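Here is a structure together with some questions about the terms used to describe it.

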Amino acid sequence: MSDVDTPLVLIVDDEPAQVALLSYNLKAAGFRIATAKDGEEAVLAVAELGPDVILLDWMLPRLSGLEACRQIRATPEGREASIIMVSARSEEGDRVRGLDTGADDYIIKPYSVAELIARVRANLRRLRPTSTGQALQYNDIRLEPDSYRVMRGNENLHLGPTEFRLLAAFMERPGKVWTREALLDRVWGRDIYIDTRTVDVHVGRLRKTLCAAGGDDPIRTVRGAGYAMG
């Protein structure tokens, strides 16, 4: 695999010892590494380097991890990256804030390096899914896997990797009621633990993007069961 094909992980942390530890282990696991020591530097690094995965610490100088996440998601490079928020904040409300801000995943300190690397790999699988190449259509919504493009009517929609995978799951099986657990397996994979509340957050973000383009909400909430398209 050439360097350009090797996934690039951006580590955003202001603790040199932590950066050194993560850099060593991620390089040993086969990843390219870039680093940023604060939120402002992270936003610039994303625009310049276009990383595949961003490990973003919540507590950062100059610009917090939350605000950096918002600004990163507003850039073309940031919309295509997978963001893993790293924080010692373990309350459900904090996890929801991180996910609502734009993170795809949330890992709580202290964590094992092995778990973090597993999370990075799982996020990469979602970021680079095996594509059938076949476009999906549901009413006025069109999803093109090969070009990573979503249209509603004539408007191009910008989805993060997790929302893209969610939409693909819904559009592959219109009318199917997906439980939260089934969506976790389909979109996040079976090899890592993620709270089912995460599904609600990402479905909410997907709905917001779809409805911002006009038209009705195509995703139906099935009380006591889960979600369905149509």
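Q: Which residue of strand 12 does Trp178 stand opposite?
A: Trp178 stands opposite Tyr227 in strand 12. The model in which this pairing is found is predicted.

Q: What makes strand 10 and strand 12 a pair?
A: Two strands pair if DSSP finds at least two bridges between them. Strand 10 and strand 12 (residues 226-229) have two bridges, so they count as a pair. The sense of the pairing is antiparallel.

Q: Why are strand 10 and strand 11 said to stand at the edges?
A: The open sheet has three strands in the order 10-12-11, paired antiparallel. Strand 10 (178-179) and strand 11 (219-222) each have a single partner strand, so one side of each is left without a neighbour in the sheet. Helix 9 (residues 197-212) packs on this sheet and touches strand 11 and strand 12. The direction of helix 9 makes about 145 degrees with that of strand 11.

Q: Why is strand 4 called mostly covered?
A: A residue is buried if its relative accessible area is under 20%. In strand 4 (residues 82-87), six of six residues are buried. Ser82, Ile84 and Val86 point one way, while Ile83, Met85 and Ser87 point the other way. Both sets are buried.

Q: How do you know that strand 4 pairs with strand 3 and with strand 5?
A: At least two bridges are needed for a pair. Strand 3 (residues 53-57) and strand 4 have five bridges and run parallel, with Asp57 and Val86 as bridge partners. Strand 4 and strand 5 (residues 105-108) are joined by four bridges, also in the parallel sense. Here Ser87 has Ile108 as its bridge partner. Both counts meet the cut-off, so strand 4 pairs with each of these strands.

Q: What makes the link from strand 4 to strand 5 a β-α-β crossover, and what is its handedness?
A: The chain passes from strand 4 through helix 5 (residues 92-101) to strand 5, and the crossover is right-handed. In helix 5, Asp94, Val96, Gly98, Leu99 and Thr101 are buried. The buried residues of helix 5 pack against helix 3 (65-73), strand 4, strand 5 and helix 9. Just after helix 5, Gly102 takes a positive phi of about 135 degrees.

Q: What makes strand 6 and strand 9 edge strands?
A: The four strands of this open sheet follow the order 6-7-8-9, with antiparallel pairing. Strand 6 (136-138) and strand 9 (155-157) each pair on one side only. From one strand to the next, the twist averages 20 degrees. Inside the order, strand 7 (residues 141-144) and strand 8 (residues 149-152) pair over four bridges, and Leu143 has Val150 as its bridge partner.

Q: How is the packing of helix 7 and helix 8 described?
A: Two packed helices are described by the angle and the distance between their axes. The axes of helix 7 (residues 161-172) and helix 8 (residues 180-188) come within 10 Å and cross at roughly 115 degrees. The crossing is right-handed. Helix 7 contributes Thr162, Arg165, Leu166, Ala168, Ala169, Phe170 and Glu172 to the contact, and helix 8 contributes Leu183, Arg186, Val187 and Trp188. These contact residues divide into seven nonpolar, one polar and three charged.

Q: Which strands does helix 7 lie across?
A: Helix 7 lies across strand 6, strand 7 and strand 8, at about 115 degrees to strand 7.

Technical notes:
Residues numbered from 1 in each chain as written. Predicted model: local features only at pLDDT ≥ 70, side-chain atom pairs only at ≥ 80, totals over all residues. Heavy atoms only, no water. Contact = heavy atoms within 4.5 Å. Axes fitted to C-alpha atoms, helices over the stretch in contact; angles between N-to-C directions. Left-handed = near helix turned anticlockwise from the far one by under 90°. Nonpolar A, V, L, I, M, F, W, Y, C, P; charged D, E, K, R; others polar. Buried < 20%, exposed > 50% of the residue type's maximum accessible area, 1.4 Å probe, protein only. Right-handed = clockwise from strand over helix to strand, strands pointing away.
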